[in-house]
Protein chains: 2
Amino acid sequence: MAVYTEVTDEALRAFLAEYGIGELQAYRGIAEGVENSNYALKTTQGDFILTLYEKRVDPAELPWFLGLMRHLAAQGLSCPEPVPGRDGAALRQLAGRPAAICTFLPGFWPRRVRPSHCAPLGDALARLHAAGMGFPATRKNGLGAEAWAPLLDRCRADGEPGLIAELDAALAAILAEWPAPGALPIGHIHADLFPDNVFFLEDAGRRPRISGLIDFYFACTDMLAYDIAIVLNAWCFESDYQFNVTKARAILSAYGARRPLTPAEWAALPVLCRGAAMRFLLTRLYDWVNTPPGAMVTRKDPLEYLHRLRFFAHARDAAAIGG
Amino acid sequence: MAVYTEVTDEALRAFLAEYGIGELQAYRGIAEGVENSNYALKTTQGDFILTLYEKRVDPAELPWFLGLMRHLAAQGLSCPEPVPGRDGAALRQLAGRPAAICTFLPGFWPRRVRPSHCAPLGDALARLHAAGMGFPATRKNGLGAEAWAPLLDRCRADGEPGLIAELDAALAAILAEWPAPGALPIGHIHADLFPDNVFFLEDAGRRPRISGLIDFYFACTDMLAYDIAIVLNAWCFESDYQFNVTKARAILSAYGARRPLTPAEWAALPVLCRGAAMRFLLTRLYDWVNTPPGAMVTRKDPLEYLHRLRFFAHARDAAAIGG
């Protein structure tokens, strides 16, 4: 269930009157995304995406997210660009929710990742990191390393004891090796660059090219290499949990062509990958034990990330994961 | 949850190669409709809707539905028009499901029905009935009057006893008065013309006009006035279950301006309205008692239709319901 908030046509037309983007021609709820309500809008001036921010997003943080997206778009990165109303404000209210209209991006996300997606992905990630550099405000990663122990504690009572014990040990090992503040280059990271947040266009017989990156609502200021670690977790495992090192090499090599990793980043890459696996495992586990079985949301299986965590725990160095 | 079947981008591009409608630019699952999976497609040639038919639709009946839609569109009615592939076939296979691409209709359905929607609606219903006349093949109404007693029987064990007794009595009274075959004019009816199946466009300061009718997958060959009775049920009750006779008059008067009702149709209108209320009450009740509480579908409250049934049971004649 991706549309949580129903918007009436009257409310939407009144809302659109605050913009200079033409008359409403059509709108449809989009059955994707799990955090916010999204509508595809068509006006006499073109296509747009309307997002109503639901309770998982802190309204106080929305100006930062929208500001980052505007900055990235101004740097030439293809991402949804917040459209300001006639008064200049992009963040507004609709149906009792904070709401914004962004530009529509063509393309579609790859349901099955192929090696040919991976070099464009690595290149886009490096371009994202470079484009973010001039954006002055920072945002702490609310799901960063210091959040993991409290999150694990909140799963302790309802989690399977063997699993909790394995995670306690794995987390202690990760935190013992975690890079000290300042040890690795910092910047604005996407922090959720899964395949459903990367749009591609594929002309017949040509290699896929990226048409845009979406969903910046986990973006934050953190180690750039941690974003790479998230991408390796999200893009390089096959459905049988095997790590596809060809995909990882393509990502790392394309990224490195734009921004070569420092020796410290290469050395830290395995523990960053374990940390990224831990982060997604823990939020999924938390949702799993705290979602009533009858709730109308799709719970994502946390154990997919246990397999990833175990894989990375056996990676001796960056070479073992495509470096 | 409106998208039941996930379509990969590779499968979709292979599917689109069978058509001459350009290259895929974007596709998004639409969070509307409860019977089928719908995707909004954008190609280099424009917007389309892709429908994958799920198990509630009998594949053997799809050629009739698509043929009717093609016929109606050829008569100038604005409805989704099935797009044939290069081989001429509109009904194809995708992701293991029967699938078709139809033209995209602009407009949006009214979340809150206003009286100004009702005259355009009555007019469009009469135009639909006229446009259907030349389509030779017929389809029996699988949810017509003879289906109601068996449906009620299948709810008997799990329904609340007081409700079942009331429905037994009401159904017996309806069937005793039901028009005999041939007594009323017959034609192809939509049979599900609820507000979410009627798209309007509203230019600033102008009255709403209909931009199209959608979702013909309950269409069948039945009494034309029964389609009017369904529309009165679907459009004329306020949220407090009060019948808005102003809306009903606007619908009936606009319909009658194109096709005056026969005296027999006027006389039968109250019982047809009770029958239509019974039909939606029973299918909703059946879904209610047969859907596990944890299932990821929205169950519609059957009791909304008990209020409608009771209202129409007290209507002495057509004048009481806007005639």
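At 0% relative accessibility, B:Leu72 counts as buried (buried means under 20% relative accessible area, exposed over 50%, partly exposed in between, with a 1.4 Å probe and protein chains only). The structure is a predicted model, in which local features need pLDDT of at least 70, side-chain atom pairs count only at pLDDT 80 or more, and totals for chains, interfaces and linings use all residues; side-chain values use heavy atoms, with hydrogens and water left out. Residues are numbered from 1 along each chain as its sequence is written, while chains are lettered from A and ligands numbered from 1 in the order in which they are written.

B:Leu72 belongs to helix 2 of chain B. Helices (H or I, at least four residues) and strands (E, at least two) are DSSP runs, numbered from the N terminus. B:Leu72 touches B:Leu77, B:Cys79, B:Leu128, B:Ala131, B:Gly132 and B:Phe216, leaving out residues up to four places away in sequence. Contact here means heavy atoms within 4.5 Å.

The burial extends along the helix. Ten of the 13 residues of helix 2 of chain B are buried. Among them are B:Trp64, B:Phe65, B:Met69 and B:His71. The cover over the buried residues includes strand 5 (97-103), helix 3 (115-132), strand 6 (186-189) and strand 9 (220-223) of chain B. The length of helix 2 (residues 62-74) agrees with expectation, because 13 residues at 1.5 Å a residue should span 18 Å and the end C-alpha atoms are 18 Å apart. The expected span is 1.5 Å times one less than the number of residues. Just after this helix, B:Gly76 takes a positive phi of about 95°.

Positive phi values also occur in chain A. Most residues other than glycine have a negative phi. A:Ala95, not a glycine, has a positive phi of about 50°. A:Ala95 sits in the loop between strand 4 (92-94) and strand 5 (97-103) of chain A. A:Ala95 is partly exposed, with a relative accessible area of 37%. A:Tyr241 has a positive phi near 70°. The loop between helix 6 (224-235) and helix 7 (245-258) of chain A holds A:Tyr241. This residue is partly exposed, at 30% relative accessibility.

Helix 8 (residues 263-290) of chain A contains A:Arg274. A:Arg274 is buried, with a relative accessible area of 11%. Beyond its neighbours within four places in sequence, A:Arg274 contacts A:Ala173, A:Ile174, A:Glu177, A:Leu309, A:Phe312 and A:Ala313.

The two chains meet through 40 residues from chain A and 40 residues from chain B. Together they bury about 3500 Å², 49% of it on carbon and sulfur atoms. Buried area is the accessible area (1.4 Å probe) that two parts lose on being put together, summed over both. A:Arg28, A:Phe108 and A:Arg111 supply 20% of the area that chain A buries against chain B, more than any other three residues.

Three cavities of 30 Å³ or more were found. A cavity is a set of points, on a 1 Å grid over the protein atoms alone, where a 1.4 Å probe fits but cannot get out; lining residues have an atom within 4 Å of a point. The largest cavity holds about 230 Å³ of space. Of its 22 lining residues, A:Ala40, A:Asp47, A:Phe104, B:Ala40 and B:Asp47 are the closest to its centre.

Key: On a 1 Å grid over the protein atoms alone, a cavity is a set of points where a 1.4 Å probe fits but cannot get out, and a pocket is an open set with protein on both sides within 12 Å along at least five of seven lines; lining residues have an atom within 4 Å of a point. Grid points are joined across faces, edges and corners, and a volume is the space filled by probe spheres set on the points.
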